[in-house]
Amino acid sequence: MSGGESFPGTARRFESVGFSEIVKVRNRVMELLAVGQKVWRFEGGEPWMPTPDPVKEAMGDALARNQTRYAPSSGIPELLAAIAEKVRRRNGIPADDGAATVVNGGMQGLFAAFAALLDPGDEVLMISPYWTPIVDLIAYHQAKAVLVPADEARRDGLGAALARRATPVSDEAYEDLVYEGEPPVAIASLPGMAERTISAFTLSKSYSMTGWRLGYVVAPERWRSAIRTVVLYTTNGVSTPTQWAAVEALRRGTEFVAAWRDGYRGRRDRLVAGLRAAGFSIEPPRAALYLFPLAPAWLGSDSRAAGRALLDGAKIATVPGIVFGPEGEGHLRFSFSVSEEMIQGGVEALSAFAHASSAR
């Protein structure tokens, strides 16, 4: 570059947008694996089983039919119809046939929802701890996250905690991964909420399709055009054969995840028992794929330091609770969506490390 020549800097919106600390943990794990270290990996966040064969075969059939050309950017008619039927029947959302937009995973669905709703300076209500990318999506759109502690919502009731506020987006990623108690209730199914709720769904967890990058958004008429415009000018839609695989997945309903639930529940319970034996404080979660225990005294209350200690000293990979919001400090996130061997080996490594640390 010649003297005096300069280039514009990065847009100011990125000044408040962070980079995933979960990815930083994963990068450290990759470094350890690259030098031959055995790592007990609980830092991930995807189903442990492969995508079901009928779903993969449906994509192959679409390829054989040469379904490889441009599709409508908002989704093929067959998939949109399958989505509308599914959310009416299984989620109780009174969606009309035009309510859905197909997106490249739940992340794009949330991005499109925020892009459609937020102006700079707007406030967005969030329960904390939260899924880490949410705050960065909000910051990207130059809005502000307003946190409501989850403990407050549990103590006073969600209605009381949110009584003076309103929240526009419902994230339904784990709708099918519930192990005990009442089934989940979609916010948009409640009286008066369909017309004020954007619901973001993903096929990643229910159908083990994380790498397929496929989801959908269900929204009232007033926001659909903006959401579809965001999709049009970011990715111009989802790959055509992938959408045909999604048609097959939705037509199959919950048959796959129903068969997986017992395995998830067993893994959850074995990991909970191992954590309790090592001094962690935890109640088994009723849904999703993660444990969020409070670290014991021997590990300390700084979750980043605790995570480093486990990874360096016992080769156990977790995610520090602080990355999920201030209410997460002192906690660590463990995924139980791993193999039985991973849980058994990780629990044994944790027990040995806890014993050695307590003896010091």
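Modeller: Let us begin with α4 and α5, whose axes come within 10 Å and cross at roughly 35°. Here an axis is a line fitted to C-alpha atoms, for helices over the stretch in contact, and angles run from 0 to 180 degrees between N-to-C directions. Helices (H or I, at least four residues) and strands (E, at least two) are DSSP runs, numbered from the N terminus. The model is predicted, so local features need pLDDT of at least 70 and side-chain atom pairs count only at pLDDT 80 or more, whereas totals for chains, interfaces and linings use all residues. Residues are numbered from 1 along each chain as its sequence is written, and side-chain values use heavy atoms, with hydrogens and water left out.

The crossing of α4 and α5 is right-handed. A crossing has this hand if the near helix is turned clockwise from the far one by less than a right angle, and is left-handed if the turn is anticlockwise. From α4, the residues Met107, Leu110, Phe111 and Phe114 take part in the contact, and from α5, Pro133, Ile134, Leu137, Ile138 and Tyr140; contact means heavy atoms within 4.5 Å. By class, nine of these residues are nonpolar, with no polar and no charged residues. The nonpolar class holds Ala, Val, Leu, Ile, Met, Phe, Trp, Tyr, Cys and Pro, the charged class holds Asp, Glu, Lys and Arg, and the others, Gly among them, count as polar. An α-helix has 3.6 residues a turn, so residues three or four places apart point the same way.

Helix α4 itself covers residues 105-117, and at 1.5 Å a residue its 13 residues should span 18 Å; the end C-alpha atoms are 19 Å apart, which agrees. The expected span is 1.5 Å times one less than the number of residues in the helix. Several residues of α4 are buried, including Gly105, Gly106, Leu110 and Phe114; buried means under 20% relative accessible area, exposed means over 50%, and partly exposed lies in between (1.4 Å probe, protein chains only). On the way from β3 (123-128) to α5 (133-140), the loop contains Pro129. Ser128 and Pro129 are joined by a cis peptide bond, with omega about 10°.

A second pair is formed by helix α3 (residues 77-90) and helix α9 (residues 240-252), which pack at an angle of about 30° with their axes 9 Å apart. The two are therefore roughly parallel, a label given to angles under 35 degrees, while over 145 is roughly antiparallel, 65 to 115 is roughly perpendicular and the rest is oblique. In this case the crossing is left-handed. Glu78, Leu79, Ala82, Ile83 and Lys86 of α3 meet Gln243, Trp244, Ala246, Val247 and Leu250 of α9. This contact of α3 with α9 has seven nonpolar, one polar and two charged residues.

What surrounds the buried residues of α9? They pack against α2 (53-64), α3, β2 (100-103) and β7 (215-218). Ten of the 13 residues of α9 are buried, so this helix is largely enclosed by the rest of the structure. Among them are Thr240, Trp244, Val247 and Leu250. From its first C-alpha to its last, α9 reaches 19 Å, close to the 18 Å expected at 1.5 Å a residue. Just after α9, Gly253 takes a positive phi of about 65°. In the loop between α8 (221-234) and α9 lies Asn236, a residue other than glycine whose phi is also positive, near 55°. Asn236 is partly exposed, with a relative accessible area of 41%.

Ala309, Leu310, Gly313 and Ala314 of α11 make the contact with Ala349, Leu350 and Phe353 of α12. Six of these residues are nonpolar, one is polar and none is charged. Lys315 is located in the loop between α11 (303-314) and β9 (316-317). Lys315 has a positive phi near 55°, although it is not a glycine, and it is buried, with a relative accessible area of 19%.
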